[in-house]
Amino acid sequence: MHEMSLAEGVLQLVEDTARRESASRVKLVVLEIGRLSSVEPEAIKFCFEAVTHGSIAQGAALEIIAVPGAGWCMQCAETVPMTELYGACPTCGSHQVQPTGGTEMRVKEIEIE
Amino acid sequence: MCTVCGCGVGEAKIEGGAHEHTHVHEDGTVHTHTHEHGHDHDHGHEDAPLGVHSHTHHHSDGSEHSHAHVHDGEHAHQHGEEHHHHEHGVAGDLDYGTGPARAHVPGMSQARMVQIEQDILSKNNTYAAANRAAFDDRGIFALNLVSSPGSGKTTLLVKTIELLKDKVAISVVEGDQQTSNDAERIRATGVPALQINTGKGCHLDGHMVGHAMQRLQPADESLFLIENVGNLVCPAAFDLGEHHKVAILSVTEGEDKPLKYPDMFAAADVMLLNKCDLLPYLEFDADLAEANARRVNPHLTIFRVSATSGDGLSAWLDWIQSGLEAQRAKRSESVDALKRRVAELERQLAAK
């Protein structure tokens, strides 16, 4: 969803940091995108290239670290892997699973010069 | 702004969106200019010596102007609220010693990694938090109404306003890609409404709502209603500073919509099942729709209503009233706490 505005959010954080660090060029941007975050890595790559055009981050490589989904199942009382948000627990099939990991969308770090 | 719905960027426009701001320079000169709001307005201070800086304004009509000026941090922008669009660097110094070796060697690459560790939506969340604080300070109850296009949001709003406007002050923000039709429908009820056209954007964001709040100047202890762009996807992720998201599902849609668009129903606290007067003519299983919604969000409060016939609206209105009362109570509590603090300080002062 809305990968274009997310890509702009990324660019804003990158530009702020690059400016603060007096960088002349951004070479690499590293994102952490959770598997449960409803963000398509392919779509964000496409949008990132579009929004960085003409900016300090033009031509920068984009690395996406996928964070696996995890949730706390109320029935099993343990952390279970999750592949979709609001999905069922893989062990007991219950839908009472609270996501605990894999919902993040963060700019982790950038490489500048 | 999605690849999904093909919408883009930079066309957001708040009704009557020109705004004016004033720069005060160190030498005492003041200049004021007016411009439309869709612009870029960033400038760095780091790489310019001794506070001289230049910046460029990109106006929504495509024109640009640059100017350089000297100042020592006096930089008043009258946006009416505290936030402004300028990012000031730490200092005006030139620093070449920030490379990996903390030294500058000509010709040597200064490539280095910088940790950011920030949420992509952090900018929006900051604006939203400021909005929420402003609502709470003034005891305002704010709702963000979300749904797909055609679920009857505006009709429901009009009806709600008609039934409540004698009891509480109401202001409304209307989000749509184009036209101000909805704001006009709301204004016809006699309450102030502001249209935000998001252009190619598919959702309202915290920044837009902050500006709308300044424009509307909602009364203390009033009801602030935000009708988001008709879209069940993107508005789920963008906090506007509201107290609750209210999702509206109409019985002319599918019962499985909460399963197809789970983010929205999970983000909402209340769901209104609208157009219930049509149930006898449809093969819509209202119980199944409610069960589906509760599957993605077990805590959802659900009201079955019909904006046209008025059925079921009293429960919804009661819910709004209790939200308003909670906001008022919270405000008077903090006012009372401040009064007690003032009294205590006065007592201490008198004792000295």
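Predicted model: local features only at pLDDT ≥ 70, side-chain atom pairs only at ≥ 80, totals over all residues.

User: Which residues are in contact with A:Cys76 and A:Cys89, leaving aside neighbours within four places in sequence?

Analyst: A:Cys76 is in contact with A:Cys89, A:Thr91 and A:Cys92 once neighbours within four places in sequence are set aside. With the same exclusion, the contacts of A:Cys89 include A:Cys73, A:Cys76, A:Val80 and A:Val97.

User: Where does the "binding site" label come from?

Analyst: From the UniProt record, which lists A:Cys73, A:Cys76, A:Cys89 and A:Cys92 under that name. Those residues are spread over 20 residues of sequence but cluster in space, with a largest C-alpha distance of 8.8 Å.

User: What makes strand 3 and strand 4 of chain A a pair?

Analyst: A pair needs at least two bridges, and these strands have 5, so they count as paired, in the antiparallel sense. One bridge joins A:Gly71 to A:Val80 in strand 4. The two strands form a hairpin with 4 residues between them, and A:Ala77 in the turn has a positive phi of about 55 degrees.

User: How do you know that strand 3 and strand 5 of chain A pair too?

Analyst: 4 bridges join them, against the required two, so they also pair; they run antiparallel. The bridge partner of A:Gly71 in strand 5 is A:Pro99, and A:Cys73 stands opposite A:Val97.

User: Why are strand 4 and strand 5 of chain A said to stand at the edges?

Analyst: The open sheet has 3 strands in the order 4-3-5, with antiparallel pairing. Strand 4 and strand 5 each have a single partner strand, so one side of each lacks a neighbour in the sheet. From one strand to the next, the twist averages 40 degrees.

User: Which residues of strand 3 of chain A are on the covered face, and which on the uncovered one?

Analyst: A:Gly69, A:Gly71 and A:Cys73 make up the covered face, while A:Ala70 and A:Trp72 make up the uncovered one. In a regular strand the side chains alternate between the two faces of the sheet.

User: How do you know that the span of helix 1 of chain A agrees with its length?

Analyst: At 1.5 Å a residue, its 18 residues, 3–20, should span 26 Å, and the end C-alpha atoms are 26 Å apart, so the two values agree. Helix 1 of chain A is mostly covered, as 13 of its 18 residues are buried. Just after this helix, A:Ser22 takes a positive phi of about 50 degrees.

User: What makes A:Val39 buried?

Analyst: A:Val39 has 20 other C-beta atoms within 10 Å, and 20 or more is the requirement, so A:Val39 is buried. The residue lies in the loop between strand 1 (26–34) and helix 2 (41–52) of chain A. Apart from neighbours within four places in sequence, A:Val39 is in contact with A:Glu3, A:Leu6, A:Ile33, A:Ile44 and A:Met105.

User: Which residues have the most contacts inside the largest nonpolar core?

Analyst: They are B:Leu225, B:Ile226 and B:Ala247, in a core of 59 residues. Strand 7 (residues 141–147) of chain B gives the most to this core, with 5 residues. A second, separate core of 25 residues includes A:Val29, A:Ile33, A:Ile110 and B:Ile120. In soluble globular proteins, nonpolar side chains tend to be buried together.

User: How many helices and strands does chain B have, and how much of the chain counts as buried?

Analyst: Chain B has 8 helices and 13 strands. Of its 352 residues, 33% count as buried.

How values were computed. Residues numbered from 1 in each chain as written. Chains lettered and ligands numbered in written order. Expected span 1.5 Å × (residues − 1). Buried ≥ 20, exposed ≤ 12 C-beta atoms within 10 Å, placed from the backbone. Core = buried A, V, L, I, M, F, W, Y, C linked by C-beta atoms within 7 Å. UniProt positions renumbered as here; feature names shortened; annotations may be inferred. Contact = placed C-beta atoms within 7 Å. Axes fitted to C-alpha atoms, helices over the stretch in contact; angles between N-to-C directions.
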